[in-house]
Amino acid sequence: MFVDRVEILCQAGDGGNGCMSFRREAHVPRGGPDGGDGGDGGSIYIKVDSNLGSLSNIVGHRHWKAAKGRQGEGKLKTGRSGEDAYVLVAPGTLVKDLEHGFVIKELLKDGESLLIAKGGRGGRGNKHFATSTDRAPKHAEEGSPGEIREVMLELKVIADVGLIGKPNAGKSTLLSRLSRANPEIAAYPFTTKYPNLGMVRVGYDHEFVIADIPGLIEGAHEGVGLGHEFLKHVQRTRLFVHLVEPTPMDQTDPIENYHQIRKEICLYDETLEARREIVVVTKCELPDAQACAELLSEDLGREVLLISAVTGQGLPELVRLIVAELDEIDGKGMF
């Protein structure tokens, strides 16, 4: 199950109370105060785990609580601090404050953590309140309460390459051929209901993550067809591979379909217009594929690849071009 948005309530542990105690030993009639401090409450952290690909691991676990601090004891014994709690999330998770609506932080790197609710401080024992005029204080400090915070976790998939295009353009099939991913594939539009990720290894020194972005349609930037749910994952990709179907099932024009997808992406986020792109005509075994590639190349003024994810034609060339583009992007530091 792929989940990319979850709301959670985080409650840090309260600090333990300080202790009021007096030293009692034989032959020490006035031992004085010896109450220990309370332990600090546990805090709640949100931490990135690169082994996760969605937020499904925390579905159904809305309330997160850290342990309370233990109360202090006599003989200046400090109470045990409460254990911290960690909410594990996938790389690319955005943490938003629900009460005030602002973004707290983007968590991108494996092992990166964010303190989201701080535990309460333990109260001081009566030993701290002894003075020259009050050598036997009969009061101690209570522990402070832990923070309570409600946040929204929103995942934007991080991938080197994003496969974009109209529904049924062959994105899932291509992903399954280039990687070991097993996306759902069928002969009808909108088979893919969420982004799928796959790792592509090229020799011993190159690898990249490729994401199949579910079918985008006209009006996606306004939320049509769950457009916002899909488009947000496009923002984190470094390179687009735009798949164009030569003979669409709905009898639409392939060149118009290309420009329509580009328009939707740019309307959603204008900065994506400058994102590098490789244009590919899929299903090259079809009769109209060659003519479609030539017309699209003439329209764009640049090379358009012909591939077939079914027969494997053109896939080695596509992989080599992806690696070259990613190397060039890394060299220029564009992302």
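The model is predicted: local features require pLDDT of at least 70 and side-chain atom pairs pLDDT 80 or more, while totals for chains, interfaces and linings use all residues. Residues are numbered from 1 along each chain as its sequence is written, and side-chain values use heavy atoms, without hydrogens and water.

Strands (E, at least two residues) and helices (H or I, at least four) are DSSP runs numbered from the N terminus, and two strands pair if DSSP finds at least two bridges between them. Next, display strand 2 (residues 44-48), which runs parallel to strand 4 and is joined to it by 5 bridges. Valine 48 has valine 89 in strand 4 as its bridge partner.

**The hairpin**

Select residues 196-202 and 206-212: these are strands 10 and 11, antiparallel and joined by 7 bridges. Leucine 197 stands opposite alanine 211. The hairpin leaves 3 residues between the strands, and glycine 203 in the turn has a positive phi of about 65 degrees.

**Helix 4**

Move to residues 289-300, the 12 residues of helix 4. Its buried residues (under 20% relative accessible area, 1.4 Å probe, protein chains only) are Ala289, Cys292, Ala293 and Leu296. They cover an arc of only 100 degrees around the axis, taken from the directions from the axis to the C-beta atoms, which puts them on the same side of helix 4. These residues pack (heavy atoms within 4.5 Å) against strand 12 (237-244), helix 3 (254-268), strand 13 (277-281) and strand 14 (305-306). Just after the helix, select glycine 301, whose phi is positive, about 75 degrees.

**Salt bridges**

The whole structure holds 15 salt bridges, each a side-chain nitrogen of Lys or Arg within 4 Å of a carboxyl oxygen of Asp or Glu. Select lysine 96 and glutamate 154, whose closest N and O atoms are 3.0 Å apart. Lysine 96 lies in strand 5 (residues 93-97) and glutamate 154 in strand 8 (residues 148-155), 58 residues apart. Glutamate 154 is buried at 8% relative accessible area.

Finally, select aspartate 160 and arginine 238, which meet in a salt bridge of 2.8 Å, N to O.

Key
Expected span 1.5 Å × (residues − 1). Buried < 20%, exposed > 50% of the residue type's maximum accessible area, 1.4 Å probe, protein only.
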